[in-house]
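Have the sequence and the coordinates open side by side. This report starts with the whole chain and then turns to a few local sites.

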Amino acid sequence: VYATLVDRDYLVARLRELGGPGAAVLEYSAADGAAAYRIRHGVPAANLPPIVRGFAPADLAVERSETWRRSAPGDYAGTVEAGVRGVPGWIRGTMRLFDLPGGGSELVVDGATRMNVPLLGARLEAVIADNLVWLLDQETAFTLRWMSQGRAPG
């Protein structure tokens, strides 16, 4: 699972399907049980919830950085950070991917979002959190389809 999640071809294909306009892999490195990459998602203004459109009326380019490192055989730890240029806020979190006894893997993501906008910050954070959960669900479904098709990393 780790090899798939950090595979450049997989990331490009995932962004092609889920990344929106202007989606791209901006930076990428992977070697010896560690990986780091920065990707961009595009979100058309028409797809933004009204509360967000009032604050950011143009298309958004969300930049997301992830790092991964092997912490033990079958166990990887990671970080994620995302933001939108010009928008006073962030999303940060940690990730852990580990083998389960008897087979399979589990990915645990723990994150937080913060929007530094007076009066609207908490509402914006809730909208962003809901959309982030939706995106993670879509990425999980894409990953399962990708792996079920036998696509080998690299």
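**Overall fold**

The model is predicted. The protein has four helices and six strands. Along the sequence they come in the order α-α-β-β-α-β-β-β-β-α.

How does the radius of gyration fit a compact globule? For 154 residues, such a globule would have a value near 15 Å; the protein has 16 Å, so the two agree. The C-alpha trace spans about 50 × 25 × 25 Å along its principal axes.

Buried residues make up 34% of the 154 residues. The accessible surface comes to about 8,900 Å². Carbon and sulfur atoms hold 55% of that surface. Among contacts with a separation of 6 or more, 41% join residues 24 or more positions apart.

**Asp7 and the start of H2**

Asp7 sits in the loop between helix H1 (2-5) and H2. Its side chain turns up in two contacts with backbone nitrogens of H2 residues, at Asp9 and at Tyr10. The distances around Asp7 are set out here.

| From | To | Distance |
|---|---|---|
| Asp7, side-chain oxygen | Asp9, backbone nitrogen | within 3.2 Å |
| Asp7, side chain | Tyr10, backbone nitrogen | 3.0 Å |
| Asp7, side chain | Arg8, nearest side chain of opposite charge | 9.0 Å |

Is Asp7 buried or exposed? Asp7 is buried, and it has no salt bridge. A salt bridge needs a side-chain nitrogen of Lys or Arg within 4 Å of a carboxyl oxygen. Arg8 is the nearest side chain of opposite charge, yet it lies 9.0 Å away.

**Along H2 and past its end**

Helix H2 covers residues 8-18. Which of its residues are buried? They are Tyr10, Leu11, Ala13, Arg14 and Leu15.

After H2 comes Gly20. Its phi is positive, near 80 degrees.

Ala45 lies in the loop between strand E2 (34-43) and helix H3 (50-55). Why does Ala45 count as buried? Its relative accessibility is 11%, and the cut-off is under 20%.

Asp59 is 14 residues away in sequence. In space, the two C-alpha atoms are 4.4 Å apart.

Conventions
Residues numbered from 1 in each chain as written. Predicted model: local features only at pLDDT ≥ 70, side-chain atom pairs only at ≥ 80, totals over all residues. Heavy atoms only, no water. Buried < 20%, exposed > 50% of the residue type's maximum accessible area, 1.4 Å probe, protein only. Polar contact = N/O pair within 3.5 Å; in protein donor to acceptor, adjacent residues only side chain to side chain. Lys, Arg positive; Asp, Glu negative; His and termini not counted. Rg over C-alpha atoms; globule rule 2.2 N^0.38 Å. Contact = heavy atoms within 4.5 Å. Areas by Shrake-Rupley, 256 points an atom, 1.4 Å probe, with all protein chains shown as cover.
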